[in-house]
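Thanks for coming, everyone. Please have the sequence and the 3D view open while I talk.

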Amino acid sequence: MMSSSANTNKTFVIIPFACGALATLATMRILPWLTWMTKRCTTKEEGEVTDDPKKKKKKKTQNSIIMHSSKDDDTIKRNNQKTSTQQDHGTRTIMDSPTLENRILRKAEGALRLRTSRLIIVVERCTNDHNYSAIMRSAEALGVQHVYIIAPQDCNTTLKIDGQVGLDFETLDEASDAVADVGNKKLVLHRSNGIRVKGYTEAEVKDRVNHHLFAQRALEWLDVTEFNTTQECIDSLRRDGYQIWSTDLSQVAVTLDENGLGERDGREDVCCYCGRSGSSSIIPEKLAIVFGTEAVGCSTQMLEASDKRVYLPLRGFADSLNLSVATALVVHQLFLLDPTLIGAMSEEERMQLRRKWYAKLATQRIMTKSEKAKKRRLAGQIKALEEIQHKVSFPKSHPHALQPEQKDKLAKLPSIRKELEELDNELYAKALLAVEDLVLNPPEPISDMRRHDDHRISYTGKNTKKRGGEAWANMPATNYVKVEVDTSSFFRDRVKEKSNS
């Protein structure tokens, strides 16, 4: 735990350290505005001197709560942190819980309130699907809604298990167990450029599976726009009024901090959490941050079109970072430099996303077994045909010509896609009917996105958990607690109710 020394003139925010990669991302997401609010929202109280005994008593009580929490157990610390939040900002902290009513919609609302459209991540010619999926995951976790991809690689067909192209797993357990015994499965790995990988290990296969699945889940909640050329992306950003900052290792680039970025732009910013105005930002009103290819960085064309070239200060002999790591750190740094980026989205766009997200969550829960089976069958057929299409797109990686029967199957791809689209539209219409009133009157959001210990999910399969043995015994992430509120029944009942009304 991180505790503070006793100081009666300051308000402290106590943050429990999170363990594990996902908890770290969750901490990264809320840390910028917590740090910023501590500095900015308490300025008035720090300089305030009063003889009013009521105010003195209130301040003494607040300080005693903080001091007491540094001595007590974790539960009391969390409760005191909630009390501090209520006193300082007039808001109520809602933590995730297996028994929380409307839990899934509240969590969606919590993510929605923190989404930003002021910042766009641009990835120019990423050539590694590991980095591609990791960037998508980081963007979603940090609350960046829009990702632009220039000259995207075909990452969906880089993994095939027993003839199945890409992934069609609904759970992490299914994905992990699918490669638990590599020796009994026919595996084919390709790089993003279509070249087949030879001599891969079981660990590489599992890593590929997990990254595909993480990217697949992240893409459900992101808006990804693809461009064939760099110029097309530049033109789109300029039309929408975005400044372009490119990451660059040259000495021309400025450091990504207040010293390097220079004077603030004169805008008056307002914290969306406490409503107080503060000093202006050094981050533009609309910003696109660009990350180039793994080998050489951003193209000359992109660098020349940029309003700034920026460099994240490093302290070791290595002067560069892995592309996905650099993306996460740079975006996190931007949120630290300007916490008003958090939640910066128009209400019109937020309403559109709410309708889309709520309907998606409902769709996943109202499907019957037969509808799920049909959707899985159609998706499998599409993926198989997309592999044939991949052979046409990358003839050098597939020297053998298509057989007549393969050409006949490929001709059916549009009709199968249409059938799946019609099924999705039918389910979406039912789901939208069930949630429309909730879209207009959303539930109170979860304000801390971390899962309750009784409902944390391990990002490994059940067989991997078993192999963890005693080392993983009694860890929250290795247990499973059933959610007491049946969200499927909730949405299905609403569909029936709205259909009959």
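Helix H14 has 25 residues. From its first C-alpha to its last, H14 reaches 36 Å, close to the 36 Å expected at 1.5 Å a residue. The expected span is 1.5 Å times one less than the number of residues in the helix. Helices here are DSSP runs of H or I with at least four residues, strands are runs of E with at least two, and both are numbered from the N terminus.

A word on the source: this is a predicted model, where local features need pLDDT of at least 70 and side-chain atom pairs count only at pLDDT 80 or more, while totals for chains, interfaces and linings use all residues. Residues are numbered from 1 along each chain as its sequence is written, and side-chain values use heavy atoms, with hydrogens and water left out.

Which residues of H14 are buried? They are Glu-371, Leu-378, Ala-379, Ile-382, Lys-383, Leu-385, Glu-387, Ile-388 and His-390. Buried means under 20% relative accessible area, exposed means over 50%, and partly exposed lies in between, with a 1.4 Å probe and protein chains only.

Stay with Glu-371. Its side chain meets that of Lys-430 in a salt bridge, 4.0 Å from N to O. The rule for a salt bridge is a side-chain nitrogen of Lys or Arg within 4 Å of a carboxyl oxygen of Asp or Glu. Lys-430 lies in helix H16 and Glu-371 in helix H14 (residues 369-393), so the pair ties together parts that are 59 residues apart in sequence. Glu-371 is buried because its relative accessible area is 15%. Lys-430, at 33%, counts as partly exposed.

Now helix H16 itself. It runs over residues 413-440 and has 28 residues. Its span from first C-alpha to last is 38 Å, close to the 40 Å expected. Where does H16 bend? At Ala-434, by about 45°. That angle is taken between axes fitted to the seven residues ending there and the seven starting there. Ala-434 is also one of the buried residues of H16, and others include Leu-413, Leu-420, Ala-431 and Val-439.

Back to charges. Side chains of opposite charge can pair when their charged atoms come close. How many salt bridges does the count come to? It comes to 19. Take Arg-118 and Asp-338: their closest N and O atoms are 2.9 Å apart. Arg-118 sits in strand S1, and Asp-338 in the loop between H12 and helix H13 (347-366), 220 residues apart. Both Arg-118 and Asp-338 are buried.

Next, Arg-309 and Asp-248. Their side chains form a salt bridge at 3.5 Å, N to O. Arg-309 is in strand S12 (residues 308-311) and Asp-248 in the loop between strand S7 (243-247) and strand S8 (254-255), so the pair joins parts 61 residues apart in sequence. Arg-309 is partly exposed at 25%, whereas Asp-248 is buried at 13%.

On to the nonpolar side. A nonpolar core is a set of buried Ala, Val, Leu, Ile, Met, Phe, Trp, Tyr and Cys residues joined through side-chain atoms within 4.5 Å. The largest one has 32 residues, and among those that touch the most other members are Leu-119, Trp-245 and Leu-334. Strand S1 (116-124), helix H6 (129-142), strand S2 (144-150), strand S11 (287-291) and H12 each supply at least two residues of this core. H12 gives the most, with six. A second, separate core has 22 residues, including Ala-108, Tyr-358, Ala-359 and Ala-431.

Helix H12 (residues 323-337) also holds Leu-329. Leu-329 counts as partly exposed because its relative accessibility is 35%. With Leu-321 and Val-325, Leu-329 makes a nonpolar surface patch of about 210 Å². Patches take residues with over 30% relative accessible area and no salt bridge; like charges are joined within 9 Å, nonpolar side chains (Val, Leu, Ile, Met, Phe, Trp, Tyr) within 5 Å. The areas come from the Shrake-Rupley method with a 1.4 Å probe, and for residues only the protein chains shown count as cover.

Last, the loops. Asn-102 lies in the loop between helix H4 (74-89) and helix H5 (103-113). Its phi is near 55°, a positive value in a residue other than glycine. Ser-97 is in the loop between H4 and H5.
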